Amino acid sequence: MGSRTRREFLQIAGVGGVVFASGLLGACARPGRPDSGPAAGDDFYFVQLSDTHWGYKGPANPEATVELPRAVELVNALPEAPDFAVFTGDLTHTTDDDQERRRRMSQVREHLARLRVPQLRLMAGEHDASLDRGAAYQEFFGPLRYSFDHKGVHFVVLDNVSDPKGILGDAQIDWLSKDLEPLPKSAPIVVFTHRPLFDLKADWDWNTADGSRAIDVLHAYPHVTVFYGHIHQEHHHQTDHIAHHAARSLMFPLPAPGSQPKRTPLPWDPSHPGRGLGLRDVDSDPRLPAYRLREIPLGTEA
Amino acid sequence: MRFAGLFLALLAAAGEQPERVVHVVARRFNYSPDVLELQLGVPVTIELTSADRDHGFSVPDLGLRIDVEPGKTARVRIVPGKVGTFEFHCDVFCGSGHEEMAGRIVVSAPVAKGGSGGGQAR
């Protein structure tokens with residue numbers, strides 16, 4: 001009922017969202033889910049935030065310190081709290097200084113503590129974890145890869161960043177296979193990861209060198225959806241039946257793949273501060289055949 | 001196959017004598033030189049060294065990548081079989097600026113000499 005109230009709000013607000021045809025089919029029945037509790041099959045929603053790059057200083061965002069607090073305010077102002085918030089990597093902007101890295105992570109943790117959400121799900125980006133193979137990240141935020149279940153959906157967090165080559169590696173592919181093994185083939189599965197698992201634009205490093213191996217493992221399951229970050233823009237792609245959705249950044253937008261010679265950030269527009277930045281909510285409604293995505297801009301879009 | 005027309009090989013043996021050698025130094029966050037001008041059909045060995053830390057040298061359009069590590073020389077032999085520009089970049093995250101660490105290989109046709117061909121796969 002609570003979620004319905006939220007939907008009514010969205011309808012009144014004229015915010016329909018976009019439904020992507022993948023991932024949720026079968027979620028209604030969710031047969032044989034080993035973790036199915038009383039709440040299994042309920043609708044719910046979560047918010048995806050990404051690429052905070054806390055600590056960034058540069059012309060692509062002269063208001064770098066206001067975006068994360070603004071995003072926290074936006075989430076807290078939602079008419080109904082999401083079931084959880086997920087950050088798909090690059091919480092911090094990289095630094096060679098281990099102390100500074102930890103200082104930035106500490107500050108991020110303080111900001112995230114202000115989020116009024118029941119659960120927070122985090123993962124690393126290469127800026128967080130590649131230079132020290134995830135040592136500081138794990139101190140502050142926990143494991144680099146894990147899985148959890150929520151209301152009948154199996155969520156998997158993959159780490160394709162703590163190896164500086166941006167790969168998953170044999171051990172993690174094996175872990176993924178074993179993690180999914182107990183699930184029925186009909187289980188709805190959501191994967192969170194930082195880099196795209198598919199070759200979006202390899203010469204911009206927008207890929208995971210061995211991502212196809214993870215996709216091969218996931219391919220056996222008909223209801224899989226991937227949410228990722230890294231490319232600092234909304235993007236939607238299908239590999240067969242698997243949908244891949246990239247989120248906007250909270251720091252600076254990057255160009256559309258191949259739209260300019262280099263992947264340098266889009267220039268800051270003082271007349272539209274924060275344009276291209278944002279977060280999204282993801283609605284999991286068993287009555288719908290797919291997830292409904294709603295982009296929430298952080299700045300002035302028009 | 002997008003790599004058709006290009007013959008690429010990693011040199012396994014140090015004793016081979018490539019016709020031309022191009023030295024490239026990788027350091028955060030650039031390659032020097034960052035534009036490699038090659039001739040269609042003319043073999044070249046690219047020798048890469050690192051001036052600071054681990055880097056990568058990846059040319060996705062040629063299906064080629066190699067690690068570039070301090071204290072080692074990485075060698076890649078190419079016989080260009082196609083005219084064009086092929087972007088390369090560092091694919092081993094190396095710090096703030098990593099995203100700008102890139103360059104390009106420019107393959108041009110040889111000056112025509114009375115109908116000599118070129119561009120065939122080797």
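This is a predicted model: local features need pLDDT of at least 70, side-chain atom pairs count only at pLDDT 80 or more; totals for chains, interfaces and linings use all residues.
## A pair of strands in chain A

Tyr228(A) sits opposite Ala246(A), a residue of β10(A). Strand β8 of chain A covers residues 224–228, and strand β10 of chain A covers residues 242–246. The two strands pair in the parallel sense, over four bridges. Strands of a sheet can pair either parallel or antiparallel, through backbone hydrogen bonds.

## The sheet around that pair

Now step back to the whole sheet. It is open and has six strands. Their order in chain A is β5-β6-β7-β8-β10-β9, and the pairing is mixed. Which strands stand at the edges? They are β5 (146–150) and β9 (235–239) of chain A. Each has a single partner strand, so one side of each is left without a neighbour in the sheet. From one strand to the next, the twist averages 20 degrees.

Helix α7 of chain A, residues 211–219, lies across β7 (189–192), β8, β9 and β10 of chain A. Helix α7 runs at about 130 degrees to β10(A).

## A hairpin in chain B

Chain B has an antiparallel pair. Strand β6 of chain B (residues 55–59) is joined by five bridges to strand β7 of chain B (residues 64–68). Phe57(B) has Ile66(B) of β7(B) as its bridge partner.

How many residues lie between the strands of this hairpin? There are four between β6(B) and β7(B). In this hairpin, Gly63(B) takes a positive phi near 65 degrees.

## Where the chains touch

Chain A and chain B meet in a contact. Chain A gives 15 residues to the contact and chain B gives 13. On the side of chain B that touches chain A, four residues are nonpolar, four are polar and five are charged.

For the complex, the predictor gives an ipTM of 0.86 and a pTM of 0.88.

## Confidence along chain B

The average pLDDT of chain B is 83, and 76% of the residues score at least 70. Which elements of chain B have the lowest and the highest mean pLDDT? Strand β1 (residues 7–10) of chain B has the lowest, at 45. Strand β3 (residues 30–32) of chain B has the highest, at 98.

Two stretches call for care in reading. Over residues 1–15 of chain B, pLDDT stays under 50. The model has 26 contacts beyond four places in sequence for residues 1–15 of chain B. Residues 115–122 of chain B also have a pLDDT below 50. That stretch has 17 contacts in the model beyond near neighbours in sequence.

Key: Residues are numbered from 1 along each chain as its sequence is written. Chains are lettered from A and ligands numbered from 1 in the order in which they are written. Two residues are in contact if their C-beta atoms, placed from the backbone, lie within 7 Å. Ala, Val, Leu, Ile, Met, Phe, Trp, Tyr, Cys and Pro count as nonpolar, Asp, Glu, Lys and Arg as charged, and the others, Gly among them, as polar. Two strands pair if DSSP finds at least two bridges between them. Axes are lines fitted to C-alpha atoms, for helices over the stretch in contact, and angles run from 0 to 180 degrees between N-to-C directions. pLDDT is the predictor's confidence in each residue, from 0 to 100.
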